[in-house]
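Please look through the sequence and the structure shown here. The paragraphs after them go through the model part by part.

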Amino acid sequence: MHLINKIGKSFWYSTPVSVTDRPILGMVVGNNKTLMIDAGNSEDHANYFLKELLEREVPRPDLVVLTHWHWDHIFGLSALPNTVSIASKQTKKEMERLIPFSWSDEAIDARVKKGLEIEFCANAIKAEFTDHRDITIVLPDLTFEKRVEIDLGGVTCLVQHVGGDHAADSVIVYIVEEKILFLGDCIYPDIFSEKENYTIKETLRLLDELESFDADTYIPSHQSPISKEEFKLQAVKLRTIAKYTEVCGGDKQEIMKEYEKLVKRELTEDEKITIADFVNGY
């Protein structure tokens, strides 16, 4: 079940739902314009968010930014015909590839067999679209290369392409006055390769870019918002495991031994998974 929450004076968001892979949707409310972040994984998802916000006297969005091309962030765009959509050029290119696809169970299953889709996404699409499969890929109206600044009236949003292992087209949205950094999925591993993975070089480059923003709150799309301190801890974990992966030549047991020595305790499940992801990407 979703909850609608507010951070600061201008940012609203809906909490994620894991079963149908609904990510967080954001809304930034300025004095002149309103910006939605991501369009949701279906028209139902987008419409639910808009309806809940209207009840809280938050207007419909003038603009919507897509953080990347994955289905759970774009399938709701068809519910926003009067909203100007913005995405990176890479995102538009990736979305164009989806236009010819059929979304029947049979077509999705066939793509999973061919390695063009993963089981997790296939199951989530089937769970989200139970009574119909009317999916229309709507392409963004405006595209940009690296960065665009949007003035909503008293609130400024910096939309910047950052890439990452999860999706090369990932963009983040920095809400300047609120010191909120909407991460989308950029901090997650690549889940679409044969083996889920992080790569050392790309992870370190991405962290350098994210750490250049002066944020107090970080919004990863499939978790709860995290504080500056929590983000720093996550960044340190990723940097440390990346370093040990390099030093130990991708030897999983050696990396675990070194990391255990450092933290002076047994490793958590999350740390073990992250180590495995780096080993896979080595």
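Where does Thr20 lie? Thr20 is found in the loop between β2 and β3. The names of such elements come from DSSP runs, numbered from the N terminus: helices are H or I runs of at least four residues, and strands are E runs of at least two. This is a predicted model, in which local features need pLDDT of at least 70 and side-chain atom pairs count only at pLDDT 80 or more, while totals for chains, interfaces and linings use all residues. Residues are numbered from 1 along each chain as its sequence is written, and side-chain values use heavy atoms, with hydrogens and water left out.

Thr20 has a relative accessible area of 13% and is therefore buried; buried means under 20% relative accessible area, exposed means over 50%, and partly exposed is in between, with a 1.4 Å probe and protein chains only. Leaving aside residues up to four places away in sequence, Thr20 touches Asn41, Trp71, Ala124, Ala127 and Glu128, where contact means heavy atoms within 4.5 Å. With Glu128 there is also a polar contact, side chain to side chain, at 3.2 Å. A polar contact is a pair of N or O atoms within 3.5 Å; within protein, one must be able to donate a hydrogen and the other to accept it, and residues adjacent in sequence count only if both atoms are side-chain atoms.

Two strands pair if DSSP finds at least two bridges between them.

Strands of a sheet pair through backbone hydrogen bonds, either parallel or antiparallel. Strand β3 (residues 25-29) and strand β4 (residues 34-37) run antiparallel and are joined by four bridges. Val29 has Thr34 of β4 as its bridge partner.

Gly184 stands opposite Pro220 in β12.

Next come the charged side chains. A salt bridge is a side-chain nitrogen of Lys or Arg within 4 Å of a carboxyl oxygen of Asp or Glu, and the count comes to 20 salt bridges. One of them joins Glu145 and Lys89, at 3.5 Å from N to O. Glu145 lies in the loop between β7 and β8 and Lys89 in helix α3, so the pair ties together parts that are 56 residues apart in sequence. Glu145 is exposed, at 59%, whereas Lys89 is partly exposed, at 44%.

Lys146 forms a salt bridge with Glu209, with the closest N and O atoms 2.7 Å apart. Because Lys146 lies in the loop between β7 and β8 and Glu209 in helix α6 (residues 200-210), this pair ties together parts that are 63 residues apart in sequence. Lys146 is partly exposed, at 39%, and Glu209 is buried, at 14%.

A further salt bridge links Glu271 and Arg265, at 2.7 Å from N to O. Glu271 is buried, at 6%, while Arg265 is partly exposed, at 38%. Salt bridges that share partners also join Lys51, Glu52, Glu55 and Arg56 into one network.

How many disulfides does the structure hold? The number is zero, a disulfide being a pair of cysteine sulfur atoms within 2.5 Å. The sulfur of Cys157 has its closest cysteine sulfur in Cys186, 16 Å away, which is too far for a bond. Cys157 is buried, with a relative accessible area of 0%, and Cys248 also counts as buried, at 16%.
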